[in-house]
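Here is a short note to read beside the model. Keep the viewer open as you go through the points.

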Amino acid sequence: MTFTAAELAYLREQPIGRLSTVGRNGDPQIRPVGVHLGPDDATVDIVGHALASTQKWRNVLGNPQVSFIVDTVLSVRPPEARGIEIRGTATTLPGAGTTDGGLSGDIIRIVPRRIISWGLDGAGTTARDWSESPHTAG
């Protein structure tokens with residue numbers, strides 16, 4: 001699955017998103033993380049200063065199903081927002097990234113299974129699964 005041009009542009013301009021993982025006991029955990037596209041622009045990479053020692057890393061090892069969201073409220077009145085939710089499978093990649101700026105070099109890579117976006121490129125809300133082409137959500 002690939003991101004649309006509008007989704008890529010939006011992800012590139014946003015510094016922070018939220019990663020949701022599932023803990024060992026089934027409880028969700030959500031944390032703010034930086035937004036980084038993978039080297040192929042088809043994945044999202046989560047990096048950090050001590051990533052492999054975090055709860056989110058341990059959660060992904062136990063259950064790779066994750067959700068990642070980036071959103072922006074442009075106006076409350078009138079209501080105007082834009083964003084993207086990525087549901088997918090995460091993989092831990094120890095030492096696969098850069099250590100520049102004090103990063104640990106570890107990566108959590110999210111491969112999208114479902115992408116939902118809204119307010120991007122004047123398209124309203126769209127949702128698509130890996131086996132589908134884009135369609136407008138009801």
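**Notes on a cavity, a domain and a helix**

1. By class, three nonpolar, five polar and one charged residues make up the lining of the largest cavity. Here Ala, Val, Leu, Ile, Met, Phe, Trp, Tyr, Cys and Pro count as nonpolar, Asp, Glu, Lys and Arg as charged, and the others, Gly among them, as polar.

2. This is a predicted model: local features need pLDDT of at least 70, side-chain atom pairs need 80 or more, and totals for chains, interfaces and linings use all residues. Numbering starts from 1 along each chain as its sequence is written, and side-chain values use heavy atoms, without hydrogens or water.

3. The lining residues are Val47, Gly48, Gly97, Thr98, Leu103, Ser104, Gly105, Asp106 and Ile107. A cavity is a set of points on a 1 Å grid over the protein atoms alone where a 1.4 Å probe fits but cannot get out; lining residues have an atom within 4 Å of a point. The volume is about 30 Å³, as the space filled by probe spheres set on the points, which are joined across faces, edges and corners.

4. UniProt, in an unreviewed entry, lists residues 6–94 as "domain: Pyridoxamine 5'-phosphate oxidase N-terminal". Such annotations may be inferred rather than shown by experiment. The span is 18% helix and 47% strand, taken from DSSP runs (helices H or I, at least four residues; strands E, at least two).

5. Look at helix α2, residues 55–62. Lys56, Trp57, Asn59 and Val60 are buried (under 20% relative accessible area, 1.4 Å probe, protein chains only). Seen down the axis, these buried residues fall within an arc of 160 degrees, so they line one face of α2.

Definitions and conventions
1 Å grid on protein atoms, 1.4 Å probe; cavity = no way out; pocket = protein on both sides within 12 Å on 5 of 7 lines; lining within 4 Å. Buried < 20%, exposed > 50% of the residue type's maximum accessible area, 1.4 Å probe, protein only. Arc of directions from axis to C-beta.
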